[in-house]
Structures are given as C-alpha cells and as structure tokens.
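Please find below a short note on the model under review.

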Amino acid sequence: MPQSIDTLIHARWIIPVVPEQKVYENCSLAIADGSIVALLPTAAAEARYQAREEIRLDHHALIPGLVNTHNHAAMALLRGYADDLPLMDWLENHIWPTEKKWVNPEFAADGSRLAAAEMIRSGTTSFSDQYFFPEATALVARETGLRAQIAFPIIDFPTPWSRDGEDALQKGLALRDDYKANERIDVVFAPHAPYTVGDATLEKIAVYAAEAQIPVQMHLHETAGEVARALAETGERPTERLLRLGLLGPQTLCVHMTAVNERDIELLQQSGAHVAHCPRSNLKLASGFCPAARLLEAGINVALGTDGAASNNGLDLFTEANTAALLAKAVSGNAAALPAHQALAMATINGARALGIDEVTGSLEAGKSADLAAIDLGGLEQQPLHDPISQLIYTASGHNVTDVWVAGKPLLKDRQLQTLNEAEVIQRAQMWRARIAGQI
C-alpha cells in the first residue's frame, strides 16, 4: 500500500548539490511534514507514495533553495540612491547621513519586505541580514516564511538603533532570547567592521560567542584602504587582530575579504572561519576582488552574499553566482577556475555551512528541510541544454524561478508571491522614495 505524504514534485532535472555535480533526470522529490523523505525515479515515486499534492515541472531544474549569506535587507529602499561612488564616500557622505535622517522601525520593516519579495522571486530561501532595527527584519522573516539569520549590528558610536556598542549588545541579546525557540530564525552577533568597533567591545563579543556558541559576522578586509588603515593604527592586519581577540574561528563569517595576502589565507585555514563573497557589490564600489578560487583551493568555505541592494543593486543570487564564476576566471587568468558546479555550491551548501545550518538546508538530502527552488530551463535562452548546471550559472537568472518552498510551504507559486502582497510592497517602496526626495 502506498505511503501517504504531503507533496510529490516531479521534475525534468533534480540537482541535489550533494553529491557534487550530480544531476538526476526524470526523478521526483517526496516531502512530508516539511522535510525531504526521498529522491527517486518518478515511476518508483508514483508506486511508493500517495501524495496529497503532486506537482509536475516538465521543463524545470529543482535545486536547493539559495542561501544569501550577507544582506542589508532594508537598504533595498536606497536602491539607486547614491550610485557610482567609492565605498567610504558612499558610506560617510551619502548613506550614513540618509540613514540618520530616515531609518526607523517602519523603514526597516518596509525595506525588509521589499527585499524578502525580491529574494523569494529569485530563489533564495535562507538569508543572513545585518541592519538596524533587526527586530523588524526578524518579524518580516517570520511573516514571509523565509529562513533567516538576523545578525544584529554592533557599532561603538550612536546609530539609528543603538547608543553605542554596549547598548547594541544588550538589545541584540534580548532579541536572541525572543527567538530562541524559533526553528527558522537565529539571532547572532554582527560587529560592523574593524574601523567601527573597538577592542573592548570585540573582546566582550568573543566571550559571549564562545560561552553560548553564537555565530559572528563582520565586514572584514573590504578594501585595501581598510587594511592599510589598520596597519597604520595598530600594526596588525584585521585578521590578525580578530585572532588575537579570540574572534576568528569556525563560527566567524568574514564578509568581503578582498584585500587578502598569504598570511590572511593561512589564518582563515587554521581558524576554520568562513568567507562571504559579494562580487557585484565589491565591483560596483570598486572595493577589490575576493580571490574566491584561491580560497576554495585552500580548503576555506566560501559562500555568496549580495550585500544590500543599495550597493548591488539587486538581490538575485543567480546573478551573483554568475559574476563570481566569471570574475574568478578573469582574476586568476584560468578559464577553469570556479566552475559552474562550484558556483552553485557556493550559493547553496557552502552558504548553509557558513550560517551553521547545513544540517537543515543547502542540499536535497533525505531528512533535510524541503527548502527548494524550481527554475524553468525551457526557454529559448537556455536552448540547447547540454548541461543543466552550466545553464543555471551562465544563462539563468532569478526571472527563471517559478516556484519556491521553505520547509515544504510554498512562498512562490507560478511566479506569484504567496506570503506577501506584491502591489502593497511596491506602493510602500514608492512612498519611501517620495519621502526621501522630499516630495511628501
């Protein structure tokens, strides 16, 4: 007698990511109670299971939901606001003054909904976010069904959210307590950057993180200027400083890592720290090139992040994976560097490892959460299709995503958002543009 399950998804191709480079043709994914039960040939699936819902994806690749390891979601409301500027000019003379004037819980909630809608529509099911009023972003993640790591920002000077580093720590730890029983949302430390957080605050974070096993995310080695400034002021490279303070370890996610030498690579190897590669943001701000292929060769876990839409200007991880693959080839002078299957792993299982959730998501394996994305590869631009993994990285984009699930729950169905009102999200974004422009 067939086993009763919730959902059976039949797909032209299923790409589980683990095992690496494996592509299953004309197979099915069985889902029950939000988890993957089995991946097997369609004929066998139809004989073994009786599903309450069957979905046929005759022209699609079914993959793990994408994992965006670094975002500032609410900054989607500043998309295109201060373009074509170098990082510190962009930050100090444009973004920070605008944030001081406008950022509040309403801004954070509306911006996070805009970002959530964009991420869902482009196949992302898990994201890590670092921004002011993290409680607002956490609520949006809860509402929309996304899986989220809320990395609360810690800065030693006043921000729209906190008075100083100590105030941020206390607020963030209280938020972590609020979500300690939530299976989809984790709250972690995010000291902003070496130039905004002092040793005393970083040492305190290191103690908390070690005692409670809490992950830490930090902008690090974002530009050559940042590293030069650190050397001039302290005589240490930022990686060396974090190591001395007890903050460089397997729970640490180092964001950007563009200005990297062999000593930095050695420290990342020895510590087990992870890297979030944000190629499009780094390119747009002329911040430099993360040597992703070199880091991967060294055995360092490298994942992908979009950064905020204010500096990208989008949140499409397919575009990010494409850029990462092409950039690695150009920077290394090696066309074989960072092949398509590795870029897909960076956007899925590597991201899950970086966020400490790889036992839950990041690959299509029995027992893992049914966090999935379906990508239509039947269009003209994908023909002829010799290699579906190659097409995902080199020809597909978020616009090819038709369906998205988190824990078996549909967040996107036939390109329609299921947990957000698209028209309302757009209306609120347009209202904020008018406010910032002084039109209302």
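**Strand pairing and a helix pair**

1. N71 stands opposite D129 in β6. This belongs to a predicted model, in which local features need pLDDT of at least 70, side-chain atom pairs count only at pLDDT 80 or more, and totals for chains, interfaces and linings use all residues. Residues are numbered from 1 along each chain as its sequence is written, and side-chain values use heavy atoms, with hydrogens and water left out.

2. Strand β5 (residues 66-71) pairs with β6 in the parallel sense over four bridges; pairing requires at least two DSSP bridges between the strands. Strands are DSSP runs of E with at least two residues, helices are H or I runs of at least four, and both are numbered from the N terminus.

3. Strand β7 (residues 147-154) also pairs with β6 in the parallel sense, over four bridges. Here F127 has A148 in β7 as its bridge partner.

4. Six of the six residues of β6 (residues 124-129) are buried, so the strand is largely enclosed by the rest of the structure. Buried means under 20% relative accessible area, with a 1.4 Å probe and protein chains only.

5. The axes of α5 (residues 165-178) and α6 (residues 199-212) come within 10 Å and cross at roughly 20°. The two helices are therefore roughly parallel to each other, a term for angles under 35 degrees.

6. In α5, G165, E166, L169, Q170, L173 and R176 meet T201, K204, I205, Y208 and A212 of α6, contact being heavy atoms within 4.5 Å.

Note on methods
Axes are lines fitted to C-alpha atoms, for helices over the stretch in contact, and angles run from 0 to 180 degrees between N-to-C directions. Angles under 35 degrees count as roughly parallel, over 145 as roughly antiparallel, 65 to 115 as roughly perpendicular and the rest as oblique. Buried means under 20% relative accessible area, exposed over 50%, partly exposed in between (1.4 Å probe, protein chains only).
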